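I opened a new notebook page for this chain.

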Amino acid sequence: MAPIGTLWGNADQRQTKVILSVAVVNGFELNTPEWSFKSKPAEFVAKFPYGKIPSFEGADGFKLIEGAPIARYLSSIGSVNLLGANAHEVALVDQWLHFAEHEIGIPAGLVAGMIYGYFAPFTPQILNKNTDRIISALEHLESHLAARPSGYVALDSLTLADLVLAGAIHAASSRALGAVDRAKFPHVFAHYAKVTADERIKQYWGTENFLEARITEPKAAPF
């Protein structure tokens, strides 16, 4: 099959991991040009002047930015139903997708931005506040998953919400949560293990970048 389009992204970015996983699950091939935050390719800037990744251009010229819309679009044109089969299921998938994005993914990004100096000075109080926000979300999620025999977050099979949640958990575990924090949420991390163990997508995930202990001081950016 010819590539259905081009994805501009970074393999360490949670949104890129999700999009690549959706593509593989559906048997899609994507072009993935080399990317650098420090030197954005001229071809990319010409097509996406805002300069944000992930960005997608379909083989038909259709363009999208932002991780969730790209992942939803690829899910909607694929042969594997990751979005739900009726209005109730679609809403549930969307609910948990947004929960993962806003209650875990965004504060994890704020923690990373502060640690690596992307957009805010290092302030321990704000760092802790955002980490506490992640912990609060995980407490709610732990109770929810404990009551889910399937182990999936929205429905009884893999959905886009599971992949987005895995992305948020990966980001939080690589930037904000130490091993002691993670040990408090066995159902959350059983979900992460279940979703990312899929042979088709496991290459994009893993736990090797998970923190042993919380970061408490500024650090140089890893990329």
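**Entry 1: a residue in a strand**

I started with T6 and found it in strand β1 (residues 5-8). I take helices (H or I, at least four residues) and strands (E, at least two) as DSSP runs, numbered from the N terminus. The model is predicted, so local features need pLDDT of at least 70 and side-chain atom pairs count only at pLDDT 80 or more, while totals for chains, interfaces and linings use all residues. Residues are numbered from 1 along each chain as its sequence is written, and side-chain values use heavy atoms, with hydrogens and water left out.

Is T6 buried or exposed? T6 is buried, at a relative accessible area of 16%. Buried means under 20% relative accessible area, exposed over 50%, and partly exposed in between (1.4 Å probe, protein chains only). I then listed what T6 touches, leaving out residues up to four places away in sequence: N31, P33, S55, F56 and E57. Contact means heavy atoms within 4.5 Å.

**Entry 2: the whole chain**

I counted eight helices and four strands. Along the sequence they follow the pattern β-α-β-α-β-β-α-α-α-α-α-α. The radius of gyration is 17 Å, close to the 17 Å that the globule rule gives for 223 residues, so the chain is as compact as a globular protein of that length. This radius is taken over C-alpha atoms, and the rule is 2.2 Å times the number of residues to the power 0.38. The C-alpha trace spans about 45 × 45 × 30 Å along its principal axes. Of the 223 residues, 49% count as buried.

**Entry 3: α5 and its partners**

I looked at helix α4 (residues 87-115) and helix α5 (residues 124-146), whose axes come within 9 Å and cross at roughly 155°. Axes are lines fitted to C-alpha atoms, for helices over the stretch in contact, and angles run from 0 to 180 degrees between N-to-C directions. α4 and α5 are therefore roughly antiparallel. I use these cut-offs: under 35 degrees is roughly parallel, over 145 roughly antiparallel, 65 to 115 roughly perpendicular, and the rest oblique. Among the residues making this contact are W96 and F99 of α4 and L127 and L138 of α5.

Next I checked α5 against helix α8 (residues 186-196): they pack at about 75°, with axes 7 Å apart. That makes α5 roughly perpendicular to α8. L138, L141, E142, L145 and A146 of α5 meet P186, H187, V188 and H191 of α8.
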